[in-house]
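Visitor: Can you walk me through this one? I'd like to start with the sheet.

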Amino acid sequence: PLVLGIETSCDETGVGIVRGTTLLADAVASSVDDHARFGGVVPEIASRAHLEAMVPTVERALKEAGIAASDLDGIAVTAGPGLAGALLVGVSAAKAYAYALGKPLYGVNHLASHICVDQLEHGPLPEPTMALLVSGGHSSLLLAPDITCDVRPLGATIDDAAGEAFDKVARVLGLGFPGGPVIDRYARDGDPEAIRFPRGLTGPRDAPLDFSFSGLKTAVARWVEARRRAGEPVPVADVAASFQEAVTDVLTRKAVRACKEQGVDHLMIGGGVAANSRLRALAQERCDAAGITLRVPRPKLCTDNGAMVAALGAEMVARNRPASGLDLPADSSLPVTETHIPGHAHA
Ligand code: ATP
Ligand code: MG
Ligand code: FE
């Protein structure tokens, strides 16, 4: 099936087009620079930027794919979770295109889309797939027996998301926003064993598949402050590398553990933090040791984009899942177990 996907859950206006598991177009307009001076995403700015970027981005994607809108088999859109106002722009646009073109509409889950996108990179997902989803808003271990209708949360962060920790530590170090890519870059020149930062929730009595990153963030902030108070220079590369090591050590350890517990031999890692070079390397090392096949999409498909939404939409069409109604809501707290929002059946 030929499907167009629209993503507006945060600060990226993404429009992607896929044919089944083949990527045809991936157009992204980001408002990230407009938020940088505020140190985080400002919802009202994101909504307005989506509104301005929507039609040009759809047109760019159609042109890139070399198809006409009338060729489409469906329109998919992120229905949640995400910023309410931002989601509403995408959902409204998707409804308008679906109605005007007479195509079925599929309101899908953003987190399931982050997993499904790997089909565009490595072909059909094995069933079940274990997924480690790590982004600015989420850090979860998910078991996906069927990405279109059955996704089960096994563990999640009890405080900050992994990406949030990267962003906050970057702020402490004065490296700007978003923090992930810049910490990744600095860490390359640093010693990951220079400072032993805490590994959250890895004690014998802790929930084995949950995460906690706020203690780590605080530990880094305290360490840096102590240095500054003492009038000593802050070894930014070493702090970045040591912090990054603590995050990726816990993430990969628990992901491999989840696979072993569930008897699953495939792990996919998705979400913006999956772009992290150390996470990719350490996951590969530990999966190899455990006999697990690792699947991580290229970085551009890990951060928010429309192709991932189109990928899940195409799977919905392929598996004959019911379409959404034109009364599709945007649900800012859509649970991960709701992979899509089907419409009410009409008699
Ligand atoms: P959601 O959580 O709803 O999916 P989001 O916009 O935070 O929304 P993404 O675009 O998937 O989701 O991820 C953005 C996050 O990924 C940011 O916190 C950013 O710092 C982090 N990130 C991006 N690149 C890297 C990297 N190389 N290393 C670590 N973190 C990274
Ligand atoms: Mg983003
Ligand atoms: Fe995301």
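Guide: A definition to begin with: two strands pair if DSSP finds at least two bridges between them. Keep in mind that this is a predicted model.

Visitor: Fine. How do S1 and S2 pair, and over how many bridges?

Guide: Strand S1, residues 2-7, and strand S2, residues 12-19, pair in the antiparallel sense over six bridges.

Visitor: Which residue of S2 is the bridge partner of Ile6?

Guide: Val15 is the bridge partner of Ile6.

Visitor: And what is the strand order in the open sheet?

Guide: The order is S3-S2-S1-S4-S5-S11, six strands with mixed pairing. S3 (22-30) and S11 stand at the edges. Each of these two has a single partner strand, so one side of each is left without a neighbour in the sheet.

Visitor: Which strands does H2 lie across?

Guide: Helix H2, residues 43-65, lies across S1, S2 and S3, and runs at about 25° to S2.

Visitor: What about H12, which strands does that one lie across?

Guide: H12 lies across S1, S2, S3, S4, S5 (105-109) and S11. H12 runs at about 135° to S1.

Visitor: Switching to helix packing. At what angle do H9 and H10 pack?

Guide: H9 (residues 236-262) and H10 (residues 277-290) pack at an angle of about 35°, and their axes are 9 Å apart. H9 passes H10 in a right-handed crossing.

Visitor: Which residues make the contact?

Guide: On the H9 side they include Thr248, Leu251, Ala255 and Cys259. On the H10 side, Leu279, Leu282, Ala283 and Cys287 are among them. By class, the contact of H9 with H10 has nine nonpolar, three polar and four charged residues.

Visitor: Now the backbone. Which peptide bonds are cis?

Guide: The bond from Gly80 to Pro81 is cis, with omega near -5°. The bond from Phe177 to Pro178 is cis, with omega near -5°. For background, most peptide bonds are trans.

Visitor: Where do Pro81 and Pro178 sit?

Guide: Pro81 lies in the loop between strand S4 (74-80) and helix H3 (84-101). Pro178 is in the loop between helix H6 (162-172) and helix H7 (179-187).

Visitor: What is phi of Leu201?

Guide: Phi of Leu201 is near 55°, a positive value in a residue other than glycine. Leu201 is found in the loop between H7 and helix H8 (214-229).

Visitor: Is Leu201 buried or exposed?

Guide: Leu201 is buried, because 21 other C-beta atoms lie within 10 Å and the cut-off for buried is 20 or more.

Visitor: And Asn320, buried or exposed?

Guide: Asn320 counts as exposed, because it has 7 C-beta neighbours inside 10 Å and the cut-off for exposed is 12 or fewer. Phi of Asn320 is near 60°, also a positive value in a residue other than glycine. Asn320 lies in the loop between H12 (306-318) and S11 (340-341).

Visitor: Last topic, ligand 1. Which residues come nearest?

Guide: Of the 23 residues around ligand 1, the nearest are Gly136, Gly137, Gly163, Gly180 and Gly272.

Visitor: Which helix gives the largest share of the shell?

Guide: H7 does, with four residues. H6 and H7 each supply at least two residues of the shell around ligand 1.

Visitor: How does the shell split by class?

Guide: The shell around ligand 1 has six nonpolar, 14 polar and three charged residues.

Note on methods. Residues are numbered from 1 along each chain as its sequence is written. Chains are lettered from A and ligands numbered from 1 in the order in which they are written. This is a predicted model: local features need pLDDT of at least 70, side-chain atom pairs count only at pLDDT 80 or more; totals for chains, interfaces and linings use all residues. Axes are lines fitted to C-alpha atoms, for helices over the stretch in contact, and angles run from 0 to 180 degrees between N-to-C directions. A crossing is left-handed if the near helix is turned anticlockwise from the far one by less than a right angle, and right-handed if clockwise. Two residues are in contact if their C-beta atoms, placed from the backbone, lie within 7 Å. Ala, Val, Leu, Ile, Met, Phe, Trp, Tyr, Cys and Pro count as nonpolar, Asp, Glu, Lys and Arg as charged, and the others, Gly among them, as polar. A residue is near a molecule or strand if its C-beta atom, placed from the backbone, lies within 6 Å of it.
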